[in-house]
Amino acid sequence: MSSTELIDVHTHIFPSEEVSNRFLVSTGRTPQLVGTVPILLDNMRNLGVSRTVMLMFMDIRTRIARDVAELPADLSPAQRKDRAEAIRGVWANKLSANNSWGYRETKAHSELMAFVGVDAAAMTEEEIRAEIAKGVREGTKGVKIVPSAMWLHPDDKRLLPTYDEAQRRGLPLLSQSGRTAALDAGGDPWGRPKYWNNVLPDFPKLRVILAHMGMGFEEEVAQLTARFPNVYADLSHRLHELDTPGAMTSQELAGWIRKIGVERLMFGTNFPLNDQAACVRNFRALPLTDAEREAVGSANVKKLLGI
């Protein structure tokens, strides 16, 4: 096994196998891998991954919409509004509790780090700012958003308080980017990278990590990294099927890493959606120099997170 240190900047880890399975089903997958802390730690030991970022994502917009749709039909408009707000508050509290669980795990396992999850489509500005502030107190290393789950393009004004709070507190923000077949509702993908051109001039110190290397919009990611010094990308969801029919080849991926910028890419897996072992194996086999592999494998994220 190569001695290059690996830090996985993109995983989704859950309190139980049941919760992990529900997450996988919600993305249209049949559960095959289990995203729990014990399994993650075992994987890390076996695969030579030194540290891992847990992204505390929770799709509460969908859950709120489902519960509101199930309200009795005979409610008055005022009653429906009150009940809908109560439902929204319940799910916002559950998102906050999930973040808190993640912080407890990072305190119990020093090799784990957490990014606080927020949902600008379902939380108020005050709730978003308070949740990020709580994360800072608890040791969060960054902020996580999923445009395709919120049904918001990155330049939607509802996301501005999230960007402001992340920039003000010096936290990197990792955003889903590119196509997501299970979550996009047709039209221009919610996470399309080009929309960051309308955001970043107003947040010059905001450090943004575009997940999945733009997933189908790699050229837009390359344009962003050329224009903005604080834009990065991760390799999550791009490694597990490398060199298989319909997927990118190792040579193509290495080419994109160099075009986007070796100093801007970070290793990530998207476990348990993807097999960590396959991601590690394929990354170590990429036609990169030792210096390039070290930068993408761990050095860039160490610098970005100050670890």
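Q: Which ring does the charged end of lysine 94 sit over?
A: In this predicted model, the charged end of lysine 94 lies over the ring of tryptophan 91, 4.2 Å from its centre. Arginine 61 has its charged end over the ring of tryptophan 151, 4.2 Å from the ring centre.

Q: How many aromatic pairs does the structure hold, and what describes such a pair?
A: Two quantities describe a pair of aromatic rings: the distance of the centres and the angle of the planes. The structure holds 6 aromatic pairs. Among them, tryptophan 151 and tryptophan 190 are stacked, at 6.3 Å centre to centre and 10° between the planes. Tryptophan 151 is in the loop between helices H6 and H7, and tryptophan 190 in the loop between strands E5 and E6, so the pair ties together parts 39 residues apart in sequence.

Q: What is the geometry of the pair formed by tyrosine 163 and tryptophan 196?
A: The ring centres of tyrosine 163 and tryptophan 196 are 5.2 Å apart and the planes are at 50°, so this pair is tilted. Tyrosine 163 belongs to helix H7 and tryptophan 196 to the loop between E5 and E6, 33 residues apart. Tyrosine 163 is buried at 0% relative accessibility, and tryptophan 196 is buried at 1%.

Q: Which residues of helix H8 are buried, and what covers them?
A: In an α-helix, residues three or four places apart point the same way, because there are 3.6 residues a turn. In H8 (residues 218-227), the buried residues are Glu218, Glu220, Val221, Ala222, Leu224 and Thr225. Their cover includes strand E6, strand E7 and helix H9.

Key
Residues are numbered from 1 along each chain as its sequence is written. This is a predicted model: local features need pLDDT of at least 70, side-chain atom pairs count only at pLDDT 80 or more; totals for chains, interfaces and linings use all residues. Side-chain values use heavy atoms; hydrogens and water are left out. Buried means under 20% relative accessible area, exposed over 50%, partly exposed in between (1.4 Å probe, protein chains only). Helices (H or I, at least four residues) and strands (E, at least two) are DSSP runs, numbered from the N terminus. Contact means heavy atoms within 4.5 Å. Rings of Phe, Tyr and Trp (its six-membered ring) pair if their centres lie within 6.5 Å; planes under 30 degrees apart count as stacked, over 60 as edge-to-face and the rest as tilted. A charge sits over a ring if NZ of Lys or CZ of Arg is within 6 Å of the ring centre and within 35 degrees of the ring normal.
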